[in-house]
Amino acid sequence: MKLLGEMLVQQSPFSEIVIGNTAIVRAMVESGVRVVTSYPGSPTPEIAEAIYSIPESKRPFYFEFSTNEKVALELAFGASINGFTSCVFFKSVGMNVVADSFVQLSMMELLGGMVIVIGDDPGANSSQNEQDNRHYGRLSYTPILEPKDAQEVYDMFLKAVEYSKLLRSPVILRLTTHTAHFKQKVNFGKYIPSLNQSPVFDVEKYGPYIPIANNVPVMKRRALEKLEKWKEISEEFAYKTQYKSKRGIITAGLPYLSLLDVVGENVDKVDILRLGMVYPLPRRAIVEFLKSHEEVKILEELDDFIEQVVKSIAFEENINVRIIGKVDIDDWIGEYTPEKVASVLRKVWQDLVRPIYPIKSKPRVIQRPPQLCPGCGHRPVFYVLSKILSNKDISVADIGCHTLGFLEPYKVGQVLLSMGHSTSTASGLSLFNTSRKVVAFLGDSTFFHAGLPGIINAIFNNHKFTLVVMENGTTAMTGHQDHAGKKIKIRNLLESMGVKHIWEVDTYQQDKLEEVLRQALNTDEFNVVIAKHPCMLKFTRERRRKGIVKVPQMRVTNKCTLANVCITRFACPSFQRDESGNVYVNKDLCIGDGSCIPVCPSVALELEKFESVGDEK
């Protein structure tokens, strides 16, 4: 059996079927990256999983999960200006968190080179929007490479490190959800362990590193001069087919593969220019392509980023060509899967779409909303609050598993912006508010990520509302990564900041939980309830690893009066109805946690009794 960690650091070349996120780790190893940082977020967590598969004693670089994306980027920056090649990776909206520091990077001399891996999310599979982070590259004069598959993720990372070190410049490697998870056989090269480097930070030789008024013009000129060199490099990443047609398509990344699938044998009817570097664009290759065709379609996910530049090039070069960009609003939305590309292409050149993609009416799809896991410690909080909050009261959500509280049947958490926003937004909602209670939520990982400034502001400015910190001991939503709460106690930190009213309660103790929440909601000052319970998905997985494969489960006794509270209000997915309408427990879902017992008005729920299997110690 192949062990992933051993494979990733073997010194001889090899080929293996992996996803893009795994391929990138082998590229880190081969390219001599020395410092890697991150804050977890889909679609990038598998990068960290691959890193963790390498025993720390054999890992050729330092790795950490930082408290947030900005801290991760700044740490990688510090390593780079000290001569060590660095990499930071995070999800799409993490770019907003790093922006304040990120926009300065291109003006600095990054001696070791630095690669920023962004996991963008067309389709909003695991994000609150579809933001197109290519705009950040243009905003900051930072080049962007965009691979189409796992092999190219590996290849482009190696190139990114090479050129980043050469120009002492940051580089963005932009993955999307499908390229991050694209699985294929990837050909890897040699790994030659590098000798230990010495720090080389030298302000006199490579500075200035201080962007103040006198320095900024010099530093900006340096960034723009490097960008001119990147424009030349971009020509290496322009991949074109032989010219056989008067029609052409300019595309990049995964949409290129979708395009090949859609046109099939019709590929000879159109020429394709694929861009591997999407900022800056390869001007010479684009000019040649435009001059060689009468009509050119720009096929790109999300915004008209490439389209704008191509049209300006055509205007400046006085090229007589019809350029077709996005046709309607639908072209701006969603992942460019083959079905989507067929729909987009059919609007302009229907003859290119092969018959396998006919026009179909949308089938009726039964909605299956996301839901909290069986035994989730967040569920009792929402269940209790749904009982004690009035329809007029206001609840503010935050990012995390607990965001799901806004769904039926709880309807708790009515507003959401970004990680850590809840305390600041709740502060605003509490102003001039004398008749409506305000409650905000914050996960324990988010507490350390971006929650502290809002809490400090609420204390300093005497805002009056209740904050519920949902403490489950892990960064659950993105794969159970550790966070600072492992070493820093939330209560101790809140007390040191001057919070006077703090309650801690295990959410499974529902009577006490209700009592505490009622007290908090009636307190006329900023107050905090720390609602604690371990993430049960993580807990049950750990039990299985110990060999505990069978645990007591819930059962519905004959006392059941079909009040259906377990289904309609507590909403644990383990409870279901049979064809006769009777409630039963789905044994494949139930984890036997017992959190449902207090909610049954018929006292009809009990745990089965049997000996567990395995060592529970």
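This tour goes through the structure in a series of selections and states what is found at each one.

**Before starting**

The model is predicted, and local features need pLDDT of at least 70, side-chain atom pairs count only at pLDDT 80 or more, and totals for chains, interfaces and linings use all residues. Residues are numbered from 1 along each chain as its sequence is written, and side-chain values use heavy atoms, with hydrogens and water left out.

**Stop 1: the domains**

Colour the protein chain by domain: domain 1 covers 4-235, domain 2 covers 238-352, domain 3 covers 378-539 and domain 4 covers 546-607. These bounds come from an automatic or database domain assignment. Between domain 2 and domain 3, the C-alpha centres are 47 Å apart.

**Stop 2: the nonpolar cores**

Select Phe 102, Met 114, Ile 116, Ile 250, Leu 290 and Ile 306, which have the most contacts inside the largest nonpolar core, a set of 50 residues. This core lies between domain 1 (4-235) and domain 2 (238-352), because both give residues to it. A second, separate core has 46 residues, including Val 29, Ala 150, Leu 167 and Val 186. A nonpolar core is a set of buried Ala, Val, Leu, Ile, Met, Phe, Trp, Tyr and Cys residues joined through side-chain atoms within 4.5 Å. Buried means under 20% relative accessible area, exposed means over 50%, and partly exposed is in between, using a 1.4 Å probe and protein chains only.

**Stop 3: Met 114 and Ser 169**

Centre the view on Met 114. Not counting residues up to four places away in sequence, Met 114 touches Leu 73, Ala 76, Phe 77, Ser 80, Ser 86, Val 88, Leu 105, Ser 164, Ser 169, Pro 170 and Val 171. Contact here means heavy atoms within 4.5 Å.

Helices (H or I, at least four residues) and strands (E, at least two) are DSSP runs, numbered from the N terminus. Is Ser 169 buried or exposed? Ser 169 has a relative accessible area of 2%, so it is buried. Neighbours within four places in sequence aside, the contacts of Ser 169 are Leu 110, Met 114, Pro 143, Ser 164, Lys 226 and Trp 230.

**Stop 4: helix H5**

Select residues 94-102, helix H5, where Gly 94, Met 95, Val 98, Ala 99, Ser 101 and Phe 102 are buried. An α-helix has 3.6 residues a turn, so residues three or four places apart point the same way. The cover over the buried residues of H5 includes helix H4 (69-81), strand E4 (86-91), strand E5 (114-120), helix H6 (134-140) and strand E7 (170-176).

**Stop 5: backbone exceptions**

Most residues other than glycine have a negative phi, and most peptide bonds are trans.

- Ser 42 and Pro 43 are joined by a cis peptide bond with omega of about 15°; Pro 43 is in the loop between strand E2 (35-38) and helix H3 (45-52).
- Gly 207 and Pro 208 are joined by a cis peptide bond with omega of about 5°; Pro 208 is in the loop between helix H9 (203-206) and helix H10 (216-234).
- Phe 432 is not a glycine, yet has a positive phi of about 55°; its loop runs between helix H16 (422-430) and strand E16 (438-443). Phe 432 counts as exposed because its relative accessibility is 86%.
- Val 603, also not a glycine, has a positive phi of about 55° and lies in the loop between strand E22 (583-585) and strand E23 (605-607). Val 603 counts as exposed, at 58% relative accessibility.

**Stop 6: the cavities**

How many cavities of 30 Å³ or more does the structure hold? There are five. On a 1 Å grid over the protein atoms alone, a cavity is a set of points where a 1.4 Å probe fits but cannot get out, and lining residues have an atom within 4 Å of a point. Grid points are joined across faces, edges and corners, and a volume is the space filled by probe spheres set on the points.

The largest cavity holds about 80 Å³ of space. To find this cavity, select its lining: Val 556, Cys 560, Ala 563, Asn 564, Val 565, Cys 566, Val 583, Cys 600, Pro 601, Ala 604 and Leu 605.

The second largest cavity holds about 60 Å³, and its lining includes Gly 375, Met 554, Phe 575 and Asp 593.

Key:
On a 1 Å grid over the protein atoms alone, a cavity is a set of points where a 1.4 Å probe fits but cannot get out, and a pocket is an open set with protein on both sides within 12 Å along at least five of seven lines; lining residues have an atom within 4 Å of a point.
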